[in-house]
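Thanks for sending this one over. Here are my notes, written to be read with the model open beside you.

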Amino acid sequence: MRLCVLTGAGMSAESGIPTFRDAQTGLWARFKPGDLASPEAYQRDPALVWGWYRWRAAKVAAAQPNAGHRILAALQAQHDVHIVTQNVDNLHERAGSKHVTHLHGEIMKSRCFVCGHYQTPDAILHDIEQLTEEQHEAPPNCQRCDGSMRPDVVWFGEALPDEAWQAAVQAVDAADEVWVIGTSNLVQPAAQLPVMALHAGKTVVEINPEPTPLTPYVHQHLAMRASEGVQQLVDQQ
Ligand code: NAD
Ligand code: ZN
């Protein structure tokens with residue numbers, strides 16, 4: 001079977017990485033997105049934004065893939081599995097998933113704000129294990145053009161990387177079945193992908209403890225955590 005798995009922040013919640021929209025623990029409950037996750041915010045206060053992303057990258061580095069990530073990776077032994085994630089963490093890859101498309105970029109990488117250059121070693125990971133709290137930190141300069149480095153994530157007001165979007169559309173198109181896990185289905189255009197799958201007549205299964213705008217249309221909604229949901233889907237195969 002060709003399986004396309006669409007994942008959002010809820011996929012990583014059991015690894016201790018907060019989602020954006022969960023009222024009590026979500027990141028936006030404590031920070032205003034406009035202050036941190038936009039090109040304007042970065043230009044206004046690069047040290048605040050770079051320091052905040054470095055701290056979040058440190059949290060990802062310290063987190064471990066959860067049972068849900070591991071079960072999805074194990075599924076590759078029987079099926080052709082393409083994961084399309086809105087997550088900027090690398091937990092799918094660290095669990096062993098080989099085919100992962102990042103719609104919203106990757107927090108463990110940085111690129112030049114001006115010329116887009118990536119450099120090695122990546123400065124966003126510098127001494128990341130030692131970083132235990134949030135701090136203001138001026139972003140380093142690009143070795144090619146001297147511009148400032150920025151996290152390689154998609155910010156509010158920015159377009160998705162075209163290559164990733166095309167890969168995601170193709171993954172949905174090629175799939176026999178689509179699983180939608182831990183996303184509020186509110187962020188566009190990512191939320192279009194399960195809708196495309198439904199229009200194309202694919203079987204769409206959703207795993208989310210809460211209902212979302214997609215829930216009334218899916219073939220099956222498992223109101224449970226990601227790890228329990230994927231285990232149930234594997235058991236029922
Ligand atoms: P979201 O915060 O909007 O929604 C998270 C969803 O996960 C909610 O519907 C919630 O009910 C569900 N959820 C919570 N705990 C769950 C669990 N244990 N198992 C399954 N589902 C659970 O996140 P989103 O839909 O991914 O979209 C928001 C944006 O947040 C994306 O752009 C994404 O890049 C970004 N983000 C990424 C990370 C990460 O990389 N881990 C973390 C936070 C936010
Ligand atoms: Zn540059």
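1. Ground rules. This is a predicted model, in which local features need pLDDT of at least 70 and side-chain atom pairs count only at pLDDT 80 or more, while totals for chains, interfaces and linings use all residues. Residues are numbered from 1 along each chain as its sequence is written, chains are lettered from A and ligands numbered from 1 in the order in which they are written, and side-chain values use heavy atoms, with hydrogens and water left out.

2. Who surrounds the ligand. There are 26 residues around ligand 1, and Q86, V88, D89, H104 and S184 come nearest; a residue belongs here if one of its heavy atoms lies within 4 Å of the ligand. By class, this shell holds nine nonpolar, eleven polar and six charged residues. Here Ala, Val, Leu, Ile, Met, Phe, Trp, Tyr, Cys and Pro count as nonpolar, Asp, Glu, Lys and Arg as charged, and the others, Gly among them, as polar. Helix α1 (residues 10-13) gives the most to the shell, with three residues; helices (H or I, at least four residues) and strands (E, at least two) are DSSP runs, numbered from the N terminus.

3. Polar contacts. Which atoms of D89 and ligand 1 lie 2.7 Å apart? They are a polar side-chain atom of D89 and a nitrogen atom of the ligand. Backbone atoms take part too: an N or O atom of G182 is 3.2 Å from a ligand oxygen atom, and a polar backbone atom of A226 is 2.9 Å from a ligand nitrogen atom. The protein covers 92% of the 850 Å² of accessible area that ligand 1 has on its own (Shrake-Rupley method, 1.4 Å probe).

4. The sheet. Six strands form an open sheet in the order β3-β2-β1-β6-β7-β8, with parallel pairing; two strands pair if DSSP finds at least two bridges between them. Its edge strands are β3 and β8 (220-222), each pairing on one side only.

5. Around β2. Strand β2 (residues 80-85) has five of its six residues buried, meaning under 20% relative accessible area (1.4 Å probe, protein chains only). V84 is the bridge partner of L6 and stands opposite T101 in β3.

6. Three bridges join β7 (residues 203-207) to β8 in parallel, and E206 stands opposite H221 in β8.

Key. Polar contact = N/O pair within 3.5 Å; in protein donor to acceptor, adjacent residues only side chain to side chain. Buried < 20%, exposed > 50% of the residue type's maximum accessible area, 1.4 Å probe, protein only.
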